[in-house]
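Open the model in your viewer and keep the selection panel at hand. The stops below run in the order in which to select them.

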Amino acid sequence: KGFAWDEAWAVTRKCFAYTCHTLLPEALEVWPTELLGRLLPRHLEIIYQINDDFLTEVRAAYPGDELKARRMSIVGEHPERAVRMAFLATVAGAKVNGVAELHSQLLRDKVLDDFAALWPEKFTNVTNGITPRRFMRLANPPLSRLITEAIGSGWVTDLERLSELEPFAKDAEFLRRFQEVKGRNKRRLAGVLERRDGIVIDQDAMLDVMVKRLHEYKRQMLKVLHVVTQYDQVLSGELKVEDLTPRTVIFGAKAAPGYKMAKDIIWLINSVATVVNNDPKLQGKLTVAFPANYNVTLAETLIPAADLSEQISLAGKEASGTGNMKFALNGALTIGTLDGANVEIRDLVGEENFFLFGMDEPAVAATVDAGYHPTAYYEQNTSLRRALDLIASGAFSGGDRHAFEPIVSNLLYQDRFLVLADYQAYLDAQAEVDLAYADKDEWSRKAILNVARSGFFSSDRS
């Protein structure tokens, strides 16, 4: 179009903004210049020009600080020459935002701290949202009808109007109908799982759901250890089966193709399910299901049926999450850490309507900095030791002691995501869940308040 370089670049920087969706280093893409130069030589030339102009700006702002210029360069030199795509996007964008308050703060303070110091006005936050049309109106017709009867239909395009439901949390008839809706959604899910996967679930049990990508930081292993602990307690006689809160635990997840540990964890979950579901001692009080090919279509049936939403990632690792919003909007209570958008969900729905556990992000950082030794937790906690020993013994692998050795060794000697450190706090929070679920009306009242106070999490707002 005949623009000079400086004019073209100035226009570009006003047109674009950068939304970062991660804190994980492996998700912040870095591309070798050798590859880019071979496939996209003109693109690489342009990136070099952008970087030259940018480094001139950095050196003017920080004269004599060549270390900072090297640190901020879009093109890194070690371990190989490569383009840091997050840096490129930050330099190119008029604004940079994270997708939850905590995530945006960690971007500013840790991931892109040099850039935030140079351009503080550039950094902002836009907490994620979900569409109420798909994830409530279409996914949960019975609850949508109940809400519309109570407060009118305006909430579908103005989700903040759900706050008008708050008085109904004390209305006995609304409470009864809300419970009916949850029961109807469970029956619908049971039908889908039986037809789709041949899985039979107890429609009267608490539906305890953990659905998300399979990644160690999301800590599906923590949920598995809870299931194994309950199983072990029943086997040992420490817990009478009649005292066990009936639960159906549903996992849904996909692993990245080359992520072996994630696939091992999927194998372990399915192996635990086979043993637990077929043990007559449990009398159907504890069921584990892992429907294959978890996707949004299944989510639309599963989320409206859930009682408990598992959002248990290690604090400081989850950017935001949107499943956590979908569950709360559809009347599930959350057990979770202070991570991602959980922080804002808990603030909005009320701490008494959220089951909090585990370390916060500063405590995680302090634990790691002090030198974390997972074996100490194993040695000091009898329940944890017995659960891990049971997995290692071959109890879930037909006597094969080597099957899950990589998982057990990883937890005992590395445990990058502090599963063992948060284990006891998680068990304690699950005991609170059991107590709360025993009072069905009080549980439903809390669930209604979760729905009423989730209007902020609309994609219309974000």
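How many disulfides does a search of the whole structure find? The model is predicted, and the search finds 0 disulfides in it. C15 has a relative accessibility of 56%, so it counts as exposed, the cut-off being over 50%. C20 has a relative accessible area of 1% and is therefore buried, which requires a value under 20%.

Next, colour the chain by pLDDT. The mean over the chain is 97, and 100% of the residues reach 70 or more. Among the elements, the lowest mean, 96, belongs to helix α1, residues 5-15. Strand β11, residues 333-336, has the highest, at 99.

Now select residues 405-413, which form helix α19. Which of its residues are buried? They are I407, V408, N410, L411 and L412. Step past the end of α19 to D415, where phi is positive, near 50°.

Where does α20 bend? Centre the view on A425, where the helix bends by about 30°.

How values were computed:
Residues are numbered from 1 along each chain as its sequence is written. This is a predicted model: local features need pLDDT of at least 70, side-chain atom pairs count only at pLDDT 80 or more; totals for chains, interfaces and linings use all residues. Side-chain values use heavy atoms; hydrogens and water are left out. The bend at a residue is the angle between axes fitted to the seven residues ending there and the seven starting there. Helices (H or I, at least four residues) and strands (E, at least two) are DSSP runs, numbered from the N terminus. A disulfide is a pair of cysteine sulfur atoms within 2.5 Å. Buried means under 20% relative accessible area, exposed over 50%, partly exposed in between (1.4 Å probe, protein chains only). pLDDT is the predictor's confidence in each residue, from 0 to 100.
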